[in-house]
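Biologist: I would like to learn how to read a model like this one. Can we go through it step by step?

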Amino acid sequence: MSNPPEGSTITVRRPFDDQFHAEIPRVTADQARAAISRARRIQPRWAELPVARRAAIIARAASLILRDCDRVLDVIQDESGKSRISAFEEVMDSARGLRVFANAAPNVLRSRRHPGAIPVLTKTVEHHRPVGVVSIITPWNYPFTLPTTDAAQALLAGNAVVLKPDSQTPSAALLLAEIFTEAGLPPDLFTVLPGAGSELGPVMVAETDYLMFTGSTATGRQLAKACAERLIGFSGELGGKNPLLVLPDADLDAAAIGTARAAFANTGQLCISIERAYVHRSVYADFVDRLVAATTSMKIGVGHSWEFDIGSLSSAAQLATVEAHVNDAVDKGATVLAGGRHRPDLGPYCYEPTILTGVTSDMEVYAEETFGPVLSLYRVDSVDDAVAAANESRYGLNASIWSRRLGPDVAARLRTGTVNINDGYAPAFGSHAAPMGGMKESGLGRRHGSAGLLKYTESQTVADQRLLPIAPPPGVSNETFAKVLKLGIAVMNRVLP
Ligand code: NAD
């Protein structure tokens, strides 16, 4: 397919009613290159500012997001089709995240003294230099908070950012650019590049210094390979097939409500939402009754009202995947305990929150990410079986454990980047001071926390050698020098840490 000509546009449709929402200019490869050059020119001046000055701008953006909450919610909902309460997760996450990152950055990024090669003679300092221009590529499912929080960490570290949003949801990222500008971010430091991934991705990899990607494992793998070829940094937050464990000592009322929320919030289109639940046989029957009740009482609908728990799926393609997974499972013998129906009477892409049992490994829904409101329930005989089943996946993003006492011990046995005890996903993701990311095929690298900030830097060690070099001084033989140094090393090894 040839690249679209300059002057062409992206048409955004509203998932709520499949009507026209916005027409956004599409950025070409040449325009992306020009934006990257402008970013590269301005970035050194931004990097020279004290971190506290950069942090003040990011903290101001957090306040503006709260001030403009309703407008941000409208834009997120209109492009993604999610419920207002799910859209609010994005406001909450970005406003709080930016403040946490801004508060932490001066300390995380400060230069640090380390013991030198030779005590007293070597003064060694580690600095964190920005990488330069950071590329960020984001998906449609969290179109505001992922651009906001990723860009904030890259900017705090002293970089310029170019960001390619998904073509279904460019307005949310463009609104973020407005907010950053009002907060005082100088021009050209943050540029949104709406356009095709296949056209802009190669330019971003070729011309920038780091790529932060959120999206599917397939695209992430392809981009990671391209970054490896250039030896630039890559971080990928990718797919998931996240497990939830209900253990014998769980509070079943809380577990049922929490499981429904963990599986169906954001209409299940959440990389960290739950798609598999392993329930101990001693509580299975009681839990299932409660879960079905909690699920069928969730209110589905479209629009800006706060009354709906679950909104629309984001597109016809998402609806097709959800229907394919459920139909395939039912055809092969699975049972639908709740939901299982497309609801065009509510909105063109509305689908009921769905619980399946009797899912077997020959069904697509067993191991493939649905990325929709579909939960498979499995009865297990022991905690060990629950742990083994949870870990039996090529993914390792998030897990949830419901238990009064066993949570921390079971968490240590799970191969996922985040584990939530007695909740589904929000506590770990919302702990912005701690890292978040995936093991196995769910990703590489981490966002949030100091890891999420330092990845946008190159560490530079500056060692200042005083009085004598680490070499034989004039008039001292190699042998004598080696003898003295050997003695010195023996002493250092005994007395120094
Ligand atoms: P996707 O990989 O198709 O697209 C994601 C982004 O990459 C979009 O902006 C898209 O335009 C761009 N893109 C696509 N092909 C590209 C290419 N060749 N070069 C450069 N950019 C390209 O993903 P999707 O299906 O739209 O998003 C859903 C996926 O994202 C799910 O698998 C989900 O689990 C994952 N996700 C992960 C996280 C996380 O934090 N781990 C968060 C949200 C979504």
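**Reading a residue and a strand**

Modeller: Start with contacts. Leaving out residues up to four places away in sequence, Glu 237 touches Met 212, Phe 213, Thr 214, Gly 215, Leu 397, Met 436, Gly 437, Gly 438, Ser 442, Gly 445, Arg 446 and Arg 447. Keep in mind that this is a predicted model.

Biologist: Where is Glu 237 found?

Modeller: Glu 237 is in strand E9, which covers residues 233–237.

Biologist: Why does Glu 237 count as buried?

Modeller: Buried means under 20% relative accessible area. Glu 237 counts as buried because its relative accessibility is 3%.

Biologist: Which backbone atom does the side chain of Glu 237 reach?

Modeller: The backbone nitrogen of Arg 447, at 3.3 Å.

Biologist: Now a strand. Which way do the side chains of E16 point?

Modeller: General idea: in a regular strand, side chains alternate between the two faces of the sheet. Here, Asn 398, Ser 400 and Trp 402 point one way from E16. Ala 399 and Ile 401 point the other way.

Biologist: How many residues of E16 are buried?

Modeller: Five of five, so to read it plainly, strand E16 (residues 398–402) is mostly covered.

Biologist: Which strands are joined to E16 by bridges?

Modeller: Strand E10 (residues 242–246) is joined to E16 by three bridges, and the two run parallel. Strand E17 (residues 418–421) is joined to E16 by four bridges, also in parallel.

Biologist: Which residue in E16 is the bridge partner of Leu 244?

Modeller: Ser 400. On the E17 side, Ile 401 has Ile 421 as its bridge partner.

How values were computed:
Residues are numbered from 1 along each chain as its sequence is written. This is a predicted model: local features need pLDDT of at least 70, side-chain atom pairs count only at pLDDT 80 or more; totals for chains, interfaces and linings use all residues. Side-chain values use heavy atoms; hydrogens and water are left out. Buried means under 20% relative accessible area, exposed over 50%, partly exposed in between (1.4 Å probe, protein chains only). Two strands pair if DSSP finds at least two bridges between them. A polar contact is a pair of N or O atoms within 3.5 Å; within protein, one must be able to donate a hydrogen and the other to accept it, and residues adjacent in sequence count only if both atoms are side-chain atoms. Contact means heavy atoms within 4.5 Å.
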